[in-house]
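Here is a short report on the cavities of a structure and on one residue in a loop. Look over the sequence and the model first.

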Amino acid sequence: MAQTFRPPATQRLYDVCILGSQLGGVVAGALLARRGLRVLHVAHDDPGFHYVDHGYVLPFGPAVLPSPRQLPSAEAVLAELGLATDVGRALAPSDPDLQLLLPRHRVDLSRDVAMLRPELRREWPREADALEGGFARLGTLFDFAGFFLRASPPLPPDGFGERRAVGKALKQAASAPGAPSEPVDEARPFRGIEDHELVQTLLVMHRFLTYLDGDASPLSLVRLLGGALRGTNRLPGGLGTLRELVRRRIAESRGDLRGGPGEPALATALEIDGGRVQAVRLADSPDAHVARAFVVATDAGRLLPLLPADVRGKAAATVERARPTRQLLSVNLVVKHAALPPALGENVLALRDATAGHGLENAVFLQVLPARRDAKKGAGEKGPAVDAVADERVVCASGFVAHGEASEALRSAAARIRDAVADAIPFFERHLVAESAPLLAEGRGEQAAAHPLYDAAGADRLGVAALPVRGPWKNLFFAGREVVPGLGVEGEFYAGIQAAAHVSALLGRKDVLR
């Protein structure tokens, strides 16, 4: 009887293996490859840029991106990789930066003070001066918190020496010329007017920018809200496009890529011996991919099934420091352009009650995007093939649900999101062309949450970090969004820089970003 020939398993040797496609991981991989290390990137759990349903190319969720020039970690990474110009050209500024819809108010928040002032005076004439002062303090605190982050303090700090480094960075920021009287880890820009409905609404908006659940820390509020009010941007393909731009730099520096956007390379096992991770096994290969260091950039909970059963307990204690509690559920509504009110912004937070919090029954975030149809690729064509639809728009409407909800509960939540859209866009159903939710789309199967919220057990004093960079084995490091979840996208860049620095120290290579 004929038998299929199977080549013998071999070892493929690398300096570093990046497991997962979250932004921090590809940042670490690209930096290390540029420094001369041989890097393997395994696109484990890579969802791609988008998904296709009803013939339309649709987002997994909203993507509100501040300018990288306002984020020290992003600016340093993109400059080192030679991507600053490419990313700058790809970003499309939003106008206004944020729009807030309340039962009795509609306010457009702009980076331009000359445009913000009349908005505040029209909607809240009596409190306008106090609110304007709060926004001015927010801008000042944002700048000085940037000084703190430029000092590269370890987040989260591990041990006395790293906690001392954090304290030193805080003192440096506090001693800079013009520094506010309160340290950046304690200062609140809207002190004295916290109960105002606009401030309460901004606190809800913060939840859609962070990956951290629970009470928001001053540093997280200042960096995320301050960054958004320095200008928000859209990027075609969202964060997936940014990840892929960075990831390509790994290949351009002679690294190896396994899998890619929407075509993940499934890791099946990590091999551990002598207190070190030795190799990763992939579903589509008989080979052992051996590396001297490993960087995990997938949800940390998904790491556990890859480990030998006898060591999972050791890793579980680390993973539990960042436990997912909620996730963003998005519903994509393709509508005719005529359905949208002329004054509707591109990034809209709609609240039924400014004081009722960020639960799904009260808060829904809407992002209005161009509609694009899936187009068939010609022979040899690469990348997404799309056709813009001029008279249609995609309203990506999102709200938070409990992590791990069953399909029936998700369908019920999607219906409530749809009802909230009807409050913001009356009679949109008359112009509805298609409707889809990525978590419920046929054929999507089990997938990682596009925007989870984590509960950080024993969070650091700054209230922005959770999972340690160092893993439970001396050559394993974390660079996913659980490391610095309280800083959102900025935290993902920061986690990537930190992981690259740890690998460089372990393998004896210079950290060129320091």
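## The second largest cavity

The second largest cavity has a volume of about 50 Å³. This is a predicted model, where local features need pLDDT of at least 70, side-chain atom pairs count only at pLDDT 80 or more, and totals for chains, interfaces and linings use all residues. Residues are numbered from 1 along each chain as its sequence is written, and side-chain values use heavy atoms, with hydrogens and water left out.

A cavity is a set of points, on a 1 Å grid over the protein atoms alone, where a 1.4 Å probe fits but cannot get out; lining residues have an atom within 4 Å of a point. Volume is the space filled by probe spheres set on the points, which are joined across faces, edges and corners.

Ser21, Asp46, Arg243 and Glu244 are among the residues lining the second largest cavity. Helix α9 (residues 238-252) gives the largest share of this lining, 4 residues. The lining has 2 nonpolar, 3 polar and 4 charged residues.

## The largest cavity

The structure holds 3 cavities of 30 Å³ or more. The largest has a volume of about 80 Å³. Its lining includes Leu65, Pro66, Val489 and Phe493. β5 (65-66) and α12 (488-507) each supply at least two of the lining residues. The lining divides into 10 nonpolar, no polar and no charged residues.

## Asn362

Asn362 sits in the loop between β15 (347-351) and β16 (363-374). Beyond its neighbours within four places in sequence, Asn362 is in contact (heavy atoms within 4.5 Å) with residues including Ala350, Arg352 and Asp353.

Conventions: 1 Å grid on protein atoms, 1.4 Å probe; cavity = no way out; pocket = protein on both sides within 12 Å on 5 of 7 lines; lining within 4 Å. Nonpolar A, V, L, I, M, F, W, Y, C, P; charged D, E, K, R; others polar.
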